[in-house]
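Me: I would like to learn how to read a few features of a protein model. Please take me through them one at a time.

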Amino acid sequence: METMNNTTQAVGSEPAAFVLSPLKSTDVWQMVRILKRIDITGAVKSIDPELLKFLDYHPPTMMQDGEEVPLPENKWTKAQKKVHEKAMDARDKFMWAILGVLMNNLDACENDVNTMLASSIGQDASFIRSMGANDYIDLIVQYVTREEFADFFMHAAKLLQKMEPSQNSIANAVTLIK
């Protein structure tokens, strides 16, 4: 059974699961380079602002032996369950919106995306360029649907909220970085 380097599943079976390294500070600048190359105005408009409200969601917790620990789901109230479901739905929609923007603009940022993906799996961009189409798409989906990716945008949104109101958009922040 042939397997692809850095995957945990056989080629041709379920989507390849890549072992992604944790995001690091250099990944932030790679993402900024990508954002600079895409239609950032259209990207911002395509994301429902209501989704952003849920990106900072954390499941309910309780105190146990002086430490804050996750509250078991079977002890959640109906309201907590409802908020959790809304937050998970919003996070999924947000990540798929980002994926859509990325895929619609891939031609403008392909080299940067390939470099970022390669870095995340300990390879070089030539490895990414030689991947099969399905594995490539699976890697992109896995990258943008990971929790750290959504967290990046959540922290970026917090940073933007601290900026002056006239500068409170990703588009203006990217322009400031140029």
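Reply: Start with burial. Buried means under 20% relative accessible area, exposed over 50%, and partly exposed in between, with a 1.4 Å probe and protein chains only. Gln30 has 9% relative accessibility, so Gln30 counts as buried. This is a predicted model, in which local features need pLDDT of at least 70, side-chain atom pairs count only at pLDDT 80 or more, and totals for chains, interfaces and linings use all residues. Residues are numbered from 1 along each chain as its sequence is written, and side-chain values use heavy atoms, with hydrogens and water left out.

Me: Where is Gln30 found, and with which residues is Gln30 in contact, leaving aside neighbours within four places in sequence?

Reply: Gln30 is in helix H1. Helices (H or I, at least four residues) and strands (E, at least two) are DSSP runs, numbered from the N terminus. Contact means heavy atoms within 4.5 Å. Beyond the neighbours within four places in sequence, Gln30 contacts Asp112, Thr115 and Met116. Its side chain also makes a polar contact with the side chain of Arg33, at 2.7 Å. A polar contact is a pair of N or O atoms within 3.5 Å; within protein, one must be able to donate a hydrogen and the other to accept it, and residues adjacent in sequence count only if both atoms are side-chain atoms.

Me: How do H1 and H5 pack?

Reply: Two packed helices are described by the angle between their axes and the distance between the axes. Axes are lines fitted to C-alpha atoms, for helices over the stretch in contact, and angles run from 0 to 180 degrees between N-to-C directions. H1 (residues 25-37) and H5 (residues 106-120) pack at about 160°, with axes 9 Å apart. H1 and H5 are therefore roughly antiparallel to each other. The cut-offs: under 35 degrees is roughly parallel, over 145 roughly antiparallel, 65 to 115 roughly perpendicular, and the rest oblique.

Me: Now a loop residue. Is Trp76 buried or exposed?

Reply: Trp76 is buried, at 9% relative accessibility. Trp76 sits in the loop between strand E2 (67-70) and helix H4 (78-104). Its side chain reaches the backbone oxygen of Leu71 at 2.9 Å. Not counting residues up to four places away in sequence, Trp76 touches Tyr57, Pro59, Pro60, Leu71, Lys81 and His84. Trp76 and Pro60 are 16 residues apart along the chain, with C-alpha atoms separated by 7.5 Å.

Me: And what is the phi of Asp65?

Reply: Asp65 has a positive phi of about 55°, although it is not a glycine. Asp65 lies in the loop between strand E1 (61-64) and E2. With a relative accessible area of 77%, Asp65 is exposed.
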